[in-house]
Amino acid sequence: MAGWITPPPNEPIKTREELERERAAKVEELASSGLLKSERIRQALLKIAREDFIPRLYRDHAYLEVPLPLPGQQATISCPHSYPLFYEPLGLDAGHRFLEVGLGSGYGTAVAREVVGDEGLVVAVEIDPLTFEFAKANLERAGYDDVVLVNADGGLGHPPLQPYDRISITAACRSIPPPLTEQLAPGGKLIAPILDDGRQFLILVEKTVQGMTTKDICEVLYVSLRGKYGA
Ligand SMILES: C[S@@+](CC[C@H](N)C(=O)[O-])C[C@H]1O[C@@H](n2cnc3c(N)ncnc32)[C@H](O)[C@@H]1O
C-alpha cells in the first residue's frame with residue numbers, strides 16, 4: 001500500500017516461542033506508550049496469535065508496525081497498534097454489540113470477540129470474497145465460531161442485527177456511510193478514517209441525545225472503502 005513499505009515475503013523461520021515473545025513485547029510497548037489502557041484489550045492482544053491471521057510468507061513480520069498484504073484486492077491486516085488505536089477511544093467493553101466494517105484478516109474480529117465476551121456480539125462485514133474466505137478460515141481455525149461473518153458491502157451495515165453499541169470502519173471513507181450512523185444505538189460510538197484533502201484522519205463519532213458529536217483522534221493511512229459509499 002502506498003505510504004507503507006511492505007517487508008519482503010520469506011519462508012517463515014521463527015518458532016512459536018519466538019513469536020510469543022514478540023507478542024508479549026509488543027503488548028508491553030503499546031501499554032508503555034500509553035496507547036493501550038484497557039485490561040480486556042490487553043488480555044485479548046496477549047491471547048491471540050496474530051501470526052495465525054497472516055499469509056504464511058509474511059508470518060514472521062506479524063509484530064512489525066506495518067500493514068501486511070492479504071488475499072484479495074487491496075486488503076491488508078492493519079499494524080499491531082491499530083487495534084488499541086481504534087478500540088480504546090471506542091471504549092469497547094464486555095457486553096457490547098460490535099460491528100466491524102472491513103474484516104480483512106479476521107484478527108480485529110477475534111480481538112473484539114475477546115473484549116466483548118460471551119454477553120456481547122461481534123458482526124464483521126467484508127466486501128472482497130477472497131479476503132472474506134481467508135478471514136473465515138483463520139477465525140474457524142482459531143476457534144472463533146460464534147462471530148457473525150458477512151460477505152457484503154459493509155457501507156450498508158448489517159441491518160438484521162442492529163442496533164450496534166460500537167462500530168469500527170477499517171477503511172478510509174469520504175464521509176460516514178449514513179446506514180452506519182442509522183444502525184448505531186443511542187449513546188453508541190463509531191470510529192473511522194475519514195478523507196480530507198488527500199489526507200486521512202481517524203474520527204470518533206458519538207450518537208448523543210443532542211445529535212452526533214465528533215472528535216479528531218490523529219492522522220492515519222488506510223486502504224479505501226469500496227462499494228456504494230466508496231472513497
Ligand atoms: C485495513 S483492512 C482491515 C483490517 C482488519 N480489520 C484486520 O484486522 O485484518 C480493510 C478491509 O476493508 C475491506 N473493505 C473495503 N471496503 C469495504 C466495504 N465497503 N465493506 C466491507 N469491507 C470493505 C477491504 O477489503 C479490507 O479487507
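Arg 23, Ala 24, Val 27 and Ala 31 of helix H1 meet Arg 42, Leu 45 and Leu 46 of helix H2, where contact requires C-beta atoms, placed from the backbone, within 7 Å. The model is predicted: local features need pLDDT of at least 70, side-chain atom pairs count only at pLDDT 80 or more, and totals for chains, interfaces and linings use all residues. Residues are numbered from 1 along each chain as its sequence is written.

**Helix packing**
- The residues of the H1–H2 contact divide into five nonpolar, no polar and two charged (nonpolar: Ala, Val, Leu, Ile, Met, Phe, Trp, Tyr, Cys and Pro; charged: Asp, Glu, Lys and Arg; polar: the others, Gly among them).
- The axes of H1 (residues 16–32) and H2 (residues 39–47) come within 9 Å and cross at roughly 155° (axes are lines fitted to C-alpha atoms over the stretch in contact, with angles from 0 to 180 degrees between N-to-C directions).
- That angle makes H1 roughly antiparallel to H2 (over 145 degrees).

**Ligand shell**
- The ligand is surrounded by 26 residues, the closest being Gly 102, Gly 104, Gly 108, Gly 154 and Gly 227 (C-beta atom, placed from the backbone, within 6 Å).
- This shell comprises ten nonpolar, twelve polar and four charged residues.

**Asp 128**
- Asp 128 is buried, as 20 other C-beta atoms lie within 10 Å (the cut-off is 20 or more within 10 Å).
- Gly 72, Gln 73 and Ala 75 touch Asp 128, not counting residues up to four places away in sequence.
- Leu 103 is 25 residues from Asp 128 in sequence and 9.4 Å away in space, C-alpha to C-alpha.

Technical notes: A residue is buried if 20 or more other C-beta atoms lie within 10 Å of its own, exposed if 12 or fewer, and partly exposed in between; C-beta atoms are placed from the backbone. Two residues are in contact if their C-beta atoms, placed from the backbone, lie within 7 Å. Helices (H or I, at least four residues) and strands (E, at least two) are DSSP runs, numbered from the N terminus. Angles under 35 degrees count as roughly parallel, over 145 as roughly antiparallel, 65 to 115 as roughly perpendicular and the rest as oblique.
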